[in-house]
Amino acid sequence: MVETSSSSSSSSYSQLCTRLAALRSTLATKLPSRVFLPTLTKCYSSMLGVLMSIMKEHISQMQMEQLSFHQSELTTFFLTALDFRAKHSSEVEGSVIECLLTMVMKLSEFTFRPLFFKLCDWSKADSAERQLTFFRLCDVMASRLKRLFVLFATQLVKPLAAILRQTSSSGIFFFDLKKNCLLLQLGLNCLQKIFLYDTKCFLNQERADALLSPLVEQLENQLGGEQVYQQRVTQHLLPCLGQFSVALADDSLWKTLNYEVLLKTRHGDSKVRFSSLLMLMELAFRLKENYVVLLPETIPFLAELMEGECISVWRARAAQSLLTVSGEKPVQRFFFFLNNHSSK
C-alpha cells in the first residue's frame, strides 16, 4: 500500500510539473505583448524568478518589429527588476540578467545604444548597490557581445577608474568589505574583456592614462586580507593588466606601464614585491619580443630586488604561481636572468 501511494504521489507530482510547464509556455508564447507586459510588470515583485523565466521565453519568440515597438516598455521593466535586486536581494539577479541578455542579443548596435545609456544612468543614481548589479551585467554583456560591447565601453572608463581608486586600501568604501572586494573583482573582469576584444584601438592615450596608474596601484591593494589579495592578483589583476599591455600597442605606453610596475618592486611589503615580480613576468609573456626593449631598465630593478630576497623561496613561489612559460626568447632571457642570480 505504501509503495502504491508513493507511486501515485510521484505520478501526480510529475503531471503537475508538466501542466505548470505547459501553462508557463502558453503564457509566454500565446499572450500578445500588449496584454503580457503590463500584467507581468504589476506582479513581478512577488515571483520575480519565475516571471523572468517566462519573460525570457516570451522575448525569445518576439519578432524584431514587436521588440522594437515594445523596447521602451521592456527597458522600464528591466530597470525596475534590476532595482529590486539592488534594494532587496541578490538571489534573483542572475535570472534578471539572463532574461535581459535575451533581449540584448536580439538588438542591433543602433537599438542597443539607448538601452545601454539608460543602464549607465540608472547605475549612477540612488544606490551604491546598483553598481554591483550594473558591473556584473557589464561583465556578462562583454562576454556575450565581445567586440560590439567595446564600442560602448567609452562610457565605462571613468566609473571603472573611480572603482579602482575608491576600493583601494586607502579609498572610500561604498559599502561593506566583502561587497567592495566583489565590486573590484567585477571591475577588473569587465576591463579584461574590454581589452581582450579591443580590435579598433579603444585604448587611446587619454583612456590609457586614465586606467594605467589605478590598475598598477592594485598591486599594493590588500583589501580583504592576504588570501583574498593573492587570489585577486593571480586570477583577476594579472590577466587584466596583461591584456591591458597587449591592447596598448604603443612603445611609450609599454615603457610607462613597465616602469610603474618596476617601482612596486621596491615596496616595503614582500607580498607586493612578489606580486610585482609576477606582473613583470606576465608582461614579458604577453608582449613577447616587444618586451626586449624594456629589459635594459628592468634588469637593474630585478638585481636590486634579488639582493634582498630569499631566492629559493621566490623561485618556488614563482614556479607555483606561473607553472610554465616557454618558447619566447624575451621570456627565456627574463628567466635566464632570474636563474643566473639565484645561483649566486
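**View 1. Helices α9 and α10 pack at an angle of about 140 degrees.** In this predicted model, α9 covers residues 157-166 and α10 covers residues 177-196. Their axes lie 10 Å apart. Axes are lines fitted to C-alpha atoms over the stretch in contact, and angles run from 0 to 180 degrees between N-to-C directions. The two helices are therefore oblique to each other (under 35 degrees is roughly parallel, over 145 roughly antiparallel, 65 to 115 roughly perpendicular, the rest oblique). Helices are DSSP runs (H or I, at least four residues), numbered from the N terminus.

**View 2. The contact of α9 with α10.** L160, I163 and L164 of α9 meet L183, L184, G187, L188 and L191 of α10. Contact means heavy atoms within 4.5 Å. By class, seven of these residues are nonpolar, one is polar and none is charged. Gly counts as polar, Leu and Ile as nonpolar.

**View 3. Q192 in helix α10.** Q192 is buried, with a relative accessible area of 18%. Buried means under 20% (1.4 Å probe, protein chains only). Q192 touches P239, C240 and Q243, not counting residues up to four places away in sequence.

**View 4. Helix α15, residues 295-307.** At 1.5 Å a residue, its 13 residues should span 18 Å; the end C-alpha atoms are 18 Å apart, which agrees. The expected span is 1.5 Å times one less than the number of residues. Buried residues in α15 include L295, F301, L302 and M306.

**Notes.** Residues are numbered from 1 along each chain as its sequence is written, and side-chain values use heavy atoms, without hydrogens and water. Local features need pLDDT of at least 70, side-chain atom pairs count only at pLDDT 80 or more, and totals for chains, interfaces and linings use all residues.

Conventions: Buried < 20%, exposed > 50% of the residue type's maximum accessible area, 1.4 Å probe, protein only.
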